[in-house]
Amino acid sequence: MKKGWLVFLLLLSAHALAVPVEIKVNLRVGDRPLQWGQTYQTPQGQRYQIDLLKFYISEVALVRPDGREVRVDGLALAEFKRDGPTQGVSVMKLDVPAGQYRGLRFNVGVPRELNHLDAGTQQLPLGVNSGMYWAWNPGYIFYRLEGTALLPEGNQKWVIHMGTDTFRIPVRLHDLQTRRVQINIPPGGGVIVLNLDVARAFEPGPGGVFVDWRKQPLRQLHGLSPETSLLMSVVYFNMQTAFSLAQ
Amino acid sequence: MRRRPMVWVGLLLGVGLLGWYFWPRSAPPPPLHPSSPRILFAERSVPIPEDNPQTPAKVALGRKLFYDTRLSKDNTVACASCHKPEFAFSDGGKAVSTGIFGRKGTRNAPTLTNVGFRRHLFWEGRSPRLELQAVGPLTAHDEMGLEPEELAQRLQAIPEYAQAFREVFGEPPSLRAVTYAIAAFERTLVSYNSPFDRYQAGDDQALSPAALRGMELFFSEKGDCFHCHVGPDFTDDEPRNTALYTVYKDIGLARATGKDEDVGKFKTPTLRNVALTAPYMHDGSIRTLREVVQHYNRGGEPNLNADALIRPLGLTDQEVDDLVAFLEALTDTSFTTNPALLPPGGQGGAP
């Protein structure tokens with residue numbers, strides 16, 4: 001009984017000390033801010049534009065200097081649409097105790113226990129109105145990047161729809177060994193700004209394989225199809241290092 | 001056959017008792033198809049999900065949406081563009097369908113006959129319910145291609161839809177509400193009036209001698225169709241590999257699972273109204289029913305994933321014809337001409 005009260009009081013005080021924190025995202029192509037309608041080049045020289053980016057963030061945790069984690073419940077859907085803002089876009093609000101942290105981690109994706117519930121009855125940011133539900137393969141698209149390839153034969157739409165429990169992307173932005181990563185959350189609350197380099201997806205993988213839009217099947221990367229799974233894995237590994245802490 | 005009158009008497013008594021029992025409290029809802037004959041398989045009713053009760057207003061809204069091309073990006077494509085009533089809600093004669101901006105798909109549009117009974121939807125059978133299945137075509141870039149926000153805004157701008165959604169769902173139009181209404185309509189796409197059904201119900205004249213022989217074959221170990229094409233709708237709803245190819249261009253279930261053993265597996269389709277839904281198979285690669293039966297008779301192509309049931313059957317030409325005659329006896333034209341299922345008059349006409 002006594003222990004129970006202690007835990008309760010501890011929880012209460014932790015809650016009382018929690019301050020609002022906002023996670024904001026800057027979209028980048030390499031180290032430049034993403035601009036809608038601008039033509040970019042992949043490392044292989046294919047020209048493209050970005051048309052849409054939506055992704056889920058979940059299982060966020062801030063890491064204390066002693067390695068303990070402050071886990072945050074909740075799931076957010078980040079949306080970037082043509083002609084909308086791409087810099088400093090608020091994607092998630094959380095409450096964490098003020099103090100020093102050595103970074104954070106999160107997943108790009110929907111937690112397994114939410115990913116397979118009946119999407120007909122789920123509310124935003126889940127549910128079919130999110131535009132992230134995958135009708136032929138139950139579950140959500142975790143990371144949805146779409147654009148246009150400017151090919152010699154004409155413009156072609158391409159999509160990267162990363163999902164299924166296999167492709168939940170772990171992002172680790174903490175460092176306990178060196179003092180490189182420092183996040184200070186002041187008593188009044190704060191902001192954590194992340195850079196997301198969308199072009200990272202196109203870095204070549206083992207043996208130089210890359211998302212070659214000249215090949216029609218590679219313009220639709222999704223699911224676990226053996227035809228495209230190698231490239232899905234390449235994009236998946238690239239995405240794990242596509243986020244960084246700004247400043 | 002001889003026991004049937006007793007069954008009817010029992011049933012009538014039962015219905016009478018139930019009616020008496022429930023009368024003061026609630027009258028039963030009007031049947032959605034007053035014209036449906038009372039025959040064997042019609043006794044089972046379409047399962048209705050708890051979160052999407054069937055109401056006449058919802059079904060009417062769903063029907064309207066099903067036939068409305070304004071639900072597509074370029075205003076040219078409705079559900080009914082690929083699921084045409086006269087072809088039992090399949091894409092009459094087309095191997096693959098054409099969506100918005102003339103974009104071609106890669107698969108054959110299946111019939112929606114009795115689709116409310118299907119436990120698994122799509123050719124690989126990975127969608128659990130009609131509401132969620134409909135998200136696919138509505139948003140797919142090669143079918144109707146609308147984002148949820150765009151669809152909601154469009155319908156909200158059409159006063160009669162704005163009003164209908166408020167009346168039916170108590171909320172403005174949204175992708176979710178659209179799929180719920182369309183699913184309600186799809187659950188009325190029931191067909192039980194083929195010669196086969198009439199034979200089942202006791203009409204000895206309903207099937208030709210050839211069709212009768214074909215029926216025997218279909219349900220025998222020799223023809224061996226009934227292990228997969230089982231039950232009232234002739235499907236087990238399970239993904240199977242019928243050795244259509246040695247190398248499948250469309251890998252089927254493996255697209256979703258990534259497993260080699262799932263390459264070439266597609267959901268067993270219903271065979272109701274199959275004579276109206278040519279061409280056949282997931283890619284529409286077989287033109288006629290006779291050729292389909294011949295495919296089975298040959299035992300298909302060499303394929304490591306082939307279902308154990310697929311093997312040379314040794315059917316004679318006559319037996320092949322008989323099977324075809326049986327498949328043709330699964331056609332219900334009262335379904336394809338049922339006025340309650342055809343495009344509603346007025347706004348948003350048929351494509």
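Author: In this predicted model, chain A and chain B have 7 residue pairs in polar contact between them, with both residues at pLDDT 80 or more. On the side of chain A that touches chain B, the residues divide into 8 nonpolar, 9 polar and 6 charged.

Reader: What makes the meeting of B:Arg129 and A:Asp118 a salt bridge?

Author: The side chains of B:Arg129 and A:Asp118 meet with 2.5 Å from N to O, and the term asks for a side-chain nitrogen of Lys or Arg within 4 Å of a carboxyl oxygen of Asp or Glu, so the pair qualifies as a salt bridge. The count of salt bridges between chain A and chain B is 4.

Reader: How many residues does each chain bring to the contact, and how much area do the two chains bury between them?

Author: Chain A gives 23 residues to the contact and chain B gives 26 residues, while the area buried between the two chains is about 2,000 Å², with 55% of it on carbon and sulfur atoms.

Reader: Within chain B, why is the crossing of α2(B) and α7(B) called left-handed or right-handed?

Author: The crossing in which α2(B) passes α7(B) is left-handed, a name used because the near helix is turned anticlockwise from the far one by less than a right angle. Helix α2 (residues 56-66) and helix α7 (residues 159-169) of chain B pack at an angle of about 145 degrees, and their axes are 10 Å apart.

Reader: Which residues of α2(B) and α7(B) meet?

Author: From α2(B) come B:Ala57, B:Lys58, B:Leu61, B:Lys64 and B:Leu65, and these meet B:Glu160, B:Tyr161, B:Ala164, B:Phe165, B:Val168 and B:Phe169 of α7(B). Of the residues in this contact of α2(B) with α7(B), 8 are nonpolar, none is polar and 3 are charged.

Reader: Where are cis peptide bonds found, and what is the phi of B:Ala88?

Author: One cis peptide bond joins A:Leu124 and A:Pro125, with omega about 5 degrees, and A:Pro125 lies in the loop between α2 (112-115) and β9 (141-151) of chain A. Another joins B:Ala278 and B:Pro279, with omega about -5 degrees, and B:Pro279 lies in the loop between β2 (266-267) and α12 (289-298) of chain B. B:Ala88, although not a glycine, has a positive phi of about 55 degrees, and its place is the loop between α3 (79-82) and α4 (130-133) of chain B. Such features deserve mention because most residues other than glycine have a negative phi, and most peptide bonds are trans.

Notes. Residues are numbered from 1 along each chain as its sequence is written. Chains are lettered from A and ligands numbered from 1 in the order in which they are written. This is a predicted model: local features need pLDDT of at least 70, side-chain atom pairs count only at pLDDT 80 or more; totals for chains, interfaces and linings use all residues. Side-chain values use heavy atoms; hydrogens and water are left out. Axes are lines fitted to C-alpha atoms, for helices over the stretch in contact, and angles run from 0 to 180 degrees between N-to-C directions. Helices (H or I, at least four residues) and strands (E, at least two) are DSSP runs, numbered from the N terminus. Contact means heavy atoms within 4.5 Å. Ala, Val, Leu, Ile, Met, Phe, Trp, Tyr, Cys and Pro count as nonpolar, Asp, Glu, Lys and Arg as charged, and the others, Gly among them, as polar. Buried area is the accessible area (1.4 Å probe) that two parts lose on being put together, summed over both. A polar contact is a pair of N or O atoms within 3.5 Å; within protein, one must be able to donate a hydrogen and the other to accept it, and residues adjacent in sequence count only if both atoms are side-chain atoms.
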